[in-house]
Amino acid sequence: MTLVLPDPEALCAGLVQQLKPRVTADTALVGIHTGGVWLAERLHTALDIALPLGLLDISFYRDDFDKTGLHPQIKPTQIPFEVDGRHIVLVDDVLYTGRTVRGAMNELFDYGRPASISLAVLIDRGGRELPVAAQYVGAQLEVPTDRMLVLDRDENGKLRLKLDA
Amino acid sequence: MKIHIRNGRLVDPINNIDERTDLFVAAGKVAAVGKAPAGFNANRVIDAAGLVVCPGLIDLAARLREPGFEYKATLESEMLAAVAGGVTSLACPPDTEPPLDEPGLVEMLKHRTKTLNLAHVYPIGALTVGLAGEQLTEMAELRDAGCVGFSHADVPLQDNQVLWRALQYAATFGFCVWLRPQDGYLAKGGVAHDGEVATRLGLPGIPSFAETIAVATIIELIRATGTRVHLCRLSTREAVGMVRAAKRDGLPLSCDIGIHHAHLSEMDLSYFDSHCHLLPPLRSARDRNALREGLKDGTIDAICSDHAPVDEDSKLLPFGESEAGATGLELLLPLTLKWAIEMKVPLAQALARITQQPARILGLDAGHLSEGHSADVCVFDAEYYGKVSAAGLKSQGKNTPFLGIELPGKVRYTLVQGQIAYDAGNS
Amino acid sequence: MRNPQLNDKGELQHLLSIEGLPRETLTHILDTATSFVGVTAREVKKVPLLRGKSVFNLFFEASTRTRTTFEIAAKRLSADVINLNIAVSSHTKGETLLDTVDNLSAMHADMFVVRHAQSGAAHLIASHVASHLHVINAGDGRHAHPTQGLLDLYTIRHYKKDFTKLSVAIVGDVLHSRVARSLIHALTLMGTPDLRVIGPMTLIPAGVEKLGVKVFHNLEQGLRDVDVVVMLRLQSERMRGALLPSAQEFFKYYGLTTEKLALAKPDAIVMHPGPMNRGVEIDSAVADGSQAVILPQVTFGIAVRMAVMSILAGN
């Protein structure tokens, strides 16, 4: 049975609708590299967020360092606002085991004490291994455990979903 | 014991023999070559088919570590290593503890080696008392005790006036002086050849001119005194040229190289391999090539093992702190054969470098298989190739850069004074 | 012969010397260091990468500076750090180098940072330790100081960007300098076309041109139009070993003053591995001047060491 992948552009629009009522002048958006950053950039523009976009690379906070070592490409982490007392919306492309979000939250807490963190994801594929939940979800999708679901971007910036082995 | 060595390829450089023939030994001597003497009834027949039968090898430098360095090696282990390597006569340098500067020490060493009944040992006496470079030793007394020459081992003799007088004194009696040419000041602190490898590895260097300056000094002193001098362990191509010119001038000079320097260069230090920490240091490839050529054309008279067993702990140290030296008695034959094969030198000529020439330098009537002379014989398999292994070495020193390397030649039997001192099948 | 720094998978197991490393490995370390510079600029300067790991600083040669930067780097990675000044303790009791290493390995070390007065000491230790242990060479005799070479490389990349267009001069006691050797390897690996060493003949080692450098004995000629000037420290022992007559004469002919620096490009940067001997190899005016990047070198040094430790620990 071949999996039918939803249209990420439509899902993105759906997320914008979900987030619009919650966004204030003090809301901060933080995207998790790499797919989460692309999504966050789109949301940031569409929601007209006042604060600059935050970017998070969780390479130093992963829990599988002993097994896989340091990732060959580390992207820059930029948090261009005060974290203390901030309501942050963390953005990622695919929510799976929850470990990436756990690492992201640990890293955010090394910058300060946020007032709250909520999570927005394009796809929730289930398979949680930690008690992590997303408050804003584009779609829920069951993906076979041996496959990787990734967000991609074409030359024009249009979002695409891919299923990798 | 009557021994018949049958069907071997007899190679005797001094007597110009290289043919398939038999050797007969009786009462410790060579009874006959070729045809059995009348009424010869062998107690033991050695089938030497496919093997080479040659005079027992003569090693110009092998440290036995006694007296004084028994934790590195003992007389017993090193003498066993000698005969396992086909060596029936060896000269040992005077750098023991205490140095061989007194007749009593020499006599004791000779006595010890004689009771072991293995190879003949010819001690080289110290040139100065304590090798301190100040006072002459009683060279005549030492000669009477058994010394065949006088040397300063690896200790620099800095005072040229003392060196000059020592040479004069030795010449008075016709003694040969063995000198390793190295200027102590120029070599001070150095552990490797001063060149691009030492620079890259950050090791203090010993420049080539530390050797050539000493060679030049020694040559001029020989011109003045006429002393017979043997230069030990050359390492530079320039020194080979200087010896060639000095010999052309008719100076009474001979020289040797160590087996490792005939094959290795500074490149072999690789990642600080302390097995390549040698004195003199391994120099450039050009130097090594000049040594190989010099040995072939006869400018370099002989090759020796420069045997220096070192305990493992002294090698398991950073390069500059490790002790210099390599084990070599059992590698003298394989490394000479390897050199001969690579340089296309006929077997007889190669064997002359470890039999005939060393005998001449030591002033011994040895290194040949003539009727009526002491039966010191080496029987070896020239076609055999085997890996050098620590377990396979009889010496207590396992320190050689050739560990794990395949080398040609394997000694099957070694006879000293007509007795089988080593039998590969029974060891 | 297999490079002893790499494991069977070709990954970095130890950092012993820059020589023999692929260019990609150097670039990877520099790029990773960039991320760590960001971490050290935050308020919480720690990341949990090496939590639970033990880093042992084995300093057989005393050095407070280098040991401190390694300690800071390890702690910022959340590692446990043990400092051992072997110069004072077991070494003098006659314990061999490898015995000391074995004893410490038995204390569940994960990483050794080693400084020793003998060239090749780090290689010896690396060839001896169990396969899970990583060895970082913090300086062995005259041979190598790879983390210094890397932080120098990082500094040059930060200010000058493209190695392939640079002219770099290394000035001073090259003969005894592991910093010089490591930097020479690093720059030639990165494709630096014009690399110079400048010093009196007594302080330039034999055959150094073979490493890919041009030798100058005249400072003015050697500094002409260079983009980077690296000043090496001159130790006072050199005056006693018949290598130099005095610090004064050395300063007059090889010391970096504002006038001499003016011969280099106007935007040339001045580097020094530290500690500086003001008035011997470098003038205070230059050391404190706008072209000196000596303090940034120290900051970059921590990030580079964090990068090296993380990469090794993850392999």
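1. Domain bounds, as used here, come from an automatic or database domain assignment. On that basis the C-alpha centres of domain 1 and domain 2 of chain B lie 29 Å apart. Domain 1 of chain B is made up of 3–53 + 373–382 + 406–426, and domain 2 of chain B covers 56–362.

2. This is a predicted model, in which local features need pLDDT of at least 70 and side-chain atom pairs count only at pLDDT 80 or more, while totals for chains, interfaces and linings use all residues. Residues are numbered from 1 along each chain as its sequence is written, and chains are lettered from A, and ligands numbered from 1, in the order in which they are written.

3. Between the two domains of chain B, 17 residues of domain 1 are in contact with 22 residues of domain 2 (contact: C-beta atoms, placed from the backbone, within 7 Å). On the domain 1 side, strands S16 (377–387), S17 (406–416) and S18 (419–423) of chain B each supply at least two residues; S17(B) has the largest share, 6 residues. Helices (H or I, at least four residues) and strands (E, at least two) are DSSP runs numbered from the N terminus. By class, this side of domain 1 has 13 nonpolar, 2 polar and 2 charged residues. Nonpolar means Ala, Val, Leu, Ile, Met, Phe, Trp, Tyr, Cys and Pro; charged means Asp, Glu, Lys and Arg; the others, Gly among them, are polar.

4. The contact of chain C with chain A takes 14 residues from chain C and 11 residues from chain A. Helices H1 (23–41) and H12 (294–314) of chain C each give at least two residues to the chain C side, with H1(C) giving the most, 5 residues. That side divides into 5 nonpolar, 7 polar and 2 charged residues.

5. The largest nonpolar core has 162 residues, and Val171(C), Val229(C) and Val230(C) have the most contacts inside it. Such a core is a set of buried Ala, Val, Leu, Ile, Met, Phe, Trp, Tyr and Cys residues joined through C-beta atoms within 7 Å. H12(C) contributes its largest share, 11 residues. Beyond four places in sequence, Val171(C) touches residues including Ile198(C), Leu219(C) and Tyr254(C).

6. Ala246(B) sits in helix H7 (residues 237–248) of chain B.

Key
Buried ≥ 20, exposed ≤ 12 C-beta atoms within 10 Å, placed from the backbone.
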